Amino acid sequence: MMTLPQLTGMADVICPMFVIVDHKGRIVSAGPTLKKLRPQLTWEGRRFFRVFDLSRPRSVRSVEDLLASAGSKLHLQFRDLPQTGLKGVCTPLPDGQGAFLNLSFGISVLEAVRDYDLTSADFSPTDLTIEMLYLVEAKSAAMEASRQLNLRLQGAKIAAEEQAFTDTLTGLKNRRAMDHILARLISSGREFALMHLDLDFFKQVNDTLGHAAGDAVLQQAARIMVECTRQSDTVARVGGDEFVMILEGVLDTSRLAAIAKRLIQRLEEPVPFGGQSCRISASAGTTLSTWQKAPDAQELLNQADLALYAAKRAGRAQHCFYREGMEKTGGTASGGEASASPVAARGPAK
């Protein structure tokens with residue numbers, strides 16, 4: 001007949017989470033993995049029901065109850081923290097010596113491996129838990145790799161979209177982006193002002209100081225326009241030295257005239273380049289979406305363009321609002337076309 005030490009030695013290898021309880025309910029022996037869960041606990045001689053709390057079957061409160069439940073699935077947990085949940089099955093020992101219980105973590109195995117730093121050596125070599133853990137680890141690695149790939153793809157998509165809507169020289173929105181923003185504002189019924197601005201004397205900078213100087217002037221002009229507008233406004237470079245500003249919710253003509261005045265004054269500040277000063281100015285024309293019953297993007301751009309050329313014909317370095325009839329006069333501000341608050345030129349000679 002097998003002795004208790006022989007049974008314990010065999011169980012250590014086959015089911016390292018076993019516990020043997022004598023007929024009085026005291027623990028005789030416990031498997032190495034079970035002992036690893038409570039390394040400070042003196043297992044031998046400890047009462048089984050002082051270490052474990054059985055939740056199912058609820059009727060199990062003694063060794064006799066435990067033996068009566070032989071073959072049934074047991075649900076239990078440690079009484080102290082962490083109260084790791086366990087599953088088990090009980091079988092009687094011969095000659096009324098007590099009970100042999102084989103325990104496992106059940107679905108709590110992942111938490112147990114993490115909480116107790118378990119390895120494959122803590123499980124039976126034939127335990128499918130090991131394969132499951134490898135599968136979970138492989139799945140987690142694959143999901144993380146997929147997540148990282150998706151993040152990179154999303155970042156690349158955002159970067160590509162941003163590049164497609166950005167003027168590379170100035171960092172402003174480009175014509176394509178402006179068209180999208182105009183279409184969105186009009187379709188949503190939002191009100192806005194559209195200002196078309198053109199740099200005066202920019203060609204002279206390019207011709208006398210070269211394109212590098214011209215690029216420096218354009219970059220400085222872009223910074224000024226961003227500084228003179230709100231973060232919610234749109235500033236777009238739509239041509240060589242042409243810019244469009246979309247100011248959502250700004251319909252007060254006095255305020256718009258003040259913005260244009262400040263822009264022109266700032267743009268007339270000399271731009272240092274290569275030991276020389278680049279001097280330009282600007283002309284601007286503005287229209288409002290509310291001046292059309294059914295706003296149309298191309299018509300608004302055309303109105304702002306007419307107002308811009310009215311400002312240029314009035315002497316440059318000026319700002320005009322669109323007025324009905326400018327189409328017939330070719331964009332002049334004369335003949336009763338009130339050009340709201342023209343801005344006197346400062347700086348370069350005209």
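Visitor: Is the crossing of helix 9 and helix 10 left-handed or right-handed?

Guide: This is a predicted model, in which local features need pLDDT of at least 70 and side-chain atom pairs count only at pLDDT 80 or more, while totals for chains, interfaces and linings use all residues. Residues are numbered from 1 along each chain as its sequence is written, and side-chain values use heavy atoms, with hydrogens and water left out. A crossing is left-handed if the near helix is turned anticlockwise from the far one by less than a right angle, and right-handed if clockwise. By that convention, the crossing of helix 9 and helix 10 is right-handed.

Visitor: At what angle do helix 9 and helix 10 pack?

Guide: Helices are DSSP runs of H or I with at least four residues, strands are E runs of at least two, and both are numbered from the N terminus. Axes are lines fitted to C-alpha atoms, for helices over the stretch in contact, and angles run from 0 to 180 degrees between N-to-C directions. Angles over 145 degrees count as roughly antiparallel, under 35 as roughly parallel, 65 to 115 as roughly perpendicular and the rest as oblique, and helix 9 and helix 10 are therefore roughly antiparallel. The axes of helix 9 (residues 211-227) and helix 10 (residues 253-267) lie 10 Å apart, and the packing angle is about 150 degrees.

Visitor: Which residues of helix 10 make the contact with helix 9?

Guide: Contact means heavy atoms within 4.5 Å. Helix 9 contributes Ala 221, Ile 224, Met 225 and Glu 227, and the residues of helix 10 are Leu 263, Arg 266 and Leu 267.

Visitor: Which residues have the most contacts inside the largest nonpolar core?

Guide: A nonpolar core is a set of buried Ala, Val, Leu, Ile, Met, Phe, Trp, Tyr and Cys residues joined through side-chain atoms within 4.5 Å; buried means under 20% relative accessible area, exposed over 50% and partly exposed in between, with a 1.4 Å probe and protein chains only. The largest core has 35 residues, and those with the most contacts inside it are Leu 197, Leu 199, Met 225, Met 245 and Leu 263.

Visitor: Which residues of helix 11 meet helix 7?

Guide: The axes of helix 7 (residues 175-187) and helix 11 (residues 297-313) come within 10 Å and cross at roughly 115 degrees. Arg 175, Met 178, Leu 182 and Ile 186 of helix 7 meet Ala 297, Gln 298, Leu 300 and Leu 301.

Visitor: What relative accessibility does Asp 252 have?

Guide: Asp 252 sits in the loop between strand 9 and helix 10. Asp 252 counts as partly exposed because its relative accessibility is 43%.
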